[in-house]
Amino acid sequence: MKRSVLIIAMLLATVSVSAQFYVSASGGYSIPSAGVKFGTETTVSGIENTYGSYGEGLHTQLRGGYFFNKSFGVEVGLGYLEGADQQSILVDLPNQPYVNIKARGRAYGASASIIYKFTNNIYGRFGALIKVGGRTEAIGKLEGIALPANTLPGVPVPTTLDVDFIHDYKGRLPLGAIAAVGYKYDIAKNISLFTELEYMGISVTRDTSKMTEFSAKIRENGASLNVDQVRAIFVASQNPLAPVFNNNIEYLDQLALGADQNGAKQLSQKVPYSSFGINFGITYTFGK
């Protein structure tokens with residue numbers, strides 16, 4: 001019995017001698033790890049697919065960790081992504097309506113990882129990632145939409161419509177993976193600088209969305225239209241953008257046969273946030 005207690009005490013003492021807490025802060029930039037098709041660009045040069053990921057953009061992280069010994073540790077982190085613009089639809093042709101719709105991600109995430117030091121300077125980490133907040137924004141500008149005479153009540157002549165809007169999308173709570181390899185360099189007793197190559201693999205299934213900003217005006221007389229009026233015009237002309245113009249949309253995995261997919265209930269879709277990134281940061285290690 002005494003021998004067992006002595007062994008446990010020795011193990012605890014060994015761990016406590018090499019254990020250390022640390023905190024770190026970093027910033028960096030991410031690029032798509034596997035770009036998916038976002039839409040098309042139509043110009044005088046032709047029609048081209050656009051690819052990307054909402055995970056592209058500037059990001060920052062705050063992390064805290066604990067090393068049990070010289071090699072193994074655990075880490076938790078919080079991060080923020082300021083996503084880069086992704087081209088959804090662009091139509092820029094002479095003598096035709098101009099359409100430019102872009103999308104971007106704004107996301108808060110949390111992670112939990114296991115850390116392993118290969119050497120005193122080189123380490124790796126692997127763990128799980130969740131998106132705990134944020135949104136995806138679609139920013140649209142439509143100019144020169146020609147409306148035939150009598151499209152609007154009391155307007156017997158052809159008119160031209162310009163539309164600006166921002167549509168916010170909310171997603172279901174996702175779970176993904178995170179992995180990184182890094183190099184740290186000690187600049188003082190408790191302070192080190194580091195750089196990392198990081199992979200984040202995560203996708204978000206859309207849940208709800210709403211129109212947060214909307215402006216539509218008739219060029220000829222300056223009259224304003226609301227989102228319902230614009231949607232009615234687009235539906236009547238069978239414009240494929242009609243589903244965008246809803247104040248609130250609920251996304252479902254299944255719709256009844258014959259359901260109006262241009263309405264307030266639409267089929268959901270999964271959007272990618274996966275990326276490769278580079279981080280630069282600083283770590284402070286508390287005394288042993």
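**Ground rules**

I worked with a predicted model, where local features need pLDDT of at least 70 and side-chain atom pairs count only at pLDDT 80 or more, while totals for chains, interfaces and linings use all residues. Residues are numbered from 1 along each chain as its sequence is written, and side-chain values use heavy atoms, with hydrogens and water left out.

**Entry 1: aromatic pairs**

I began with the rings. A pair of aromatic rings is described by the distance of the centres and the angle of the planes. My rule was that rings of Phe, Tyr and Trp (its six-membered ring) pair if their centres lie within 6.5 Å; planes under 30 degrees apart are stacked, over 60 edge-to-face, and the rest tilted. How many aromatic pairs does this rule give? The count is 14.

I looked up Y54 and Y273, which make a tilted pair with centres 5.6 Å apart and 35 degrees between the planes. Y54 lies in the loop between strand 3 (46-52) and strand 4 (57-67), and Y273 in the loop between strand 16 (270-272) and strand 17 (275-285), so this pair ties together parts 219 residues apart in sequence. Helices (H or I, at least four residues) and strands (E, at least two) are DSSP runs, numbered from the N terminus.

Are these two tyrosines, Y54 and Y273, buried or exposed? I call a residue buried under 20% relative accessible area, exposed over 50%, and partly exposed in between (1.4 Å probe, protein chains only). Y54 is buried at 4%, and Y273 is buried at 6%.

Next I looked at Y80 and Y108, a tilted pair at 4.8 Å centre to centre and 45 degrees between the planes. Y80 sits in strand 5 (residues 72-83) and Y108 in strand 7 (residues 98-117), 28 residues apart. Y80 is partly exposed at 25%, and Y108 is partly exposed too, at 46%.

I also noted a cluster, in which ring pairs link F165, F214, F234 and F245.

**Entry 2: charges over rings**

I then searched for charges over rings (NZ of Lys or CZ of Arg within 6 Å of the ring centre and within 35 degrees of the ring normal). K117 lies over the face of F67, 4.6 Å from the ring centre. The charged end of R206 sits over the ring of Y169, 4.0 Å from its centre.

Two strands pair if DSSP finds at least two bridges between them. Strand 4 and strand 5 run antiparallel and are joined by 11 bridges, with a hairpin of four residues between them. Y66 has V74 in strand 5 as its bridge partner. Strand 5 and strand 7 are also antiparallel, again with 11 bridges, and here Y80 stands opposite Y108.

**Entry 3: Q86**

I found Q86 in strand 6 (residues 86-91), buried at 3% relative accessible area. Its C-alpha atom is 8.8 Å from that of E56, 30 residues away along the chain. The side chains of Q86 and E56 make a polar contact at 2.9 Å; such a contact is a pair of N or O atoms within 3.5 Å, where within protein one must be able to donate a hydrogen and the other to accept it, and residues adjacent in sequence count only if both atoms are side-chain atoms. Leaving aside neighbours within four places in sequence, Q86 is in contact (heavy atoms within 4.5 Å) with residues including F38, Y51 and I101.

Which residues of helix 2 are buried? I listed V227, V230, R231, I233 and F234.

At the start of helix 2, a side-chain oxygen of N226 comes within 3.1 Å of the backbone nitrogen of D228. After the helix comes Q238, with a positive phi near 55 degrees. Q238 lies in the loop between helix 2 (227-236) and strand 14 (248-252) and is exposed at 71%.
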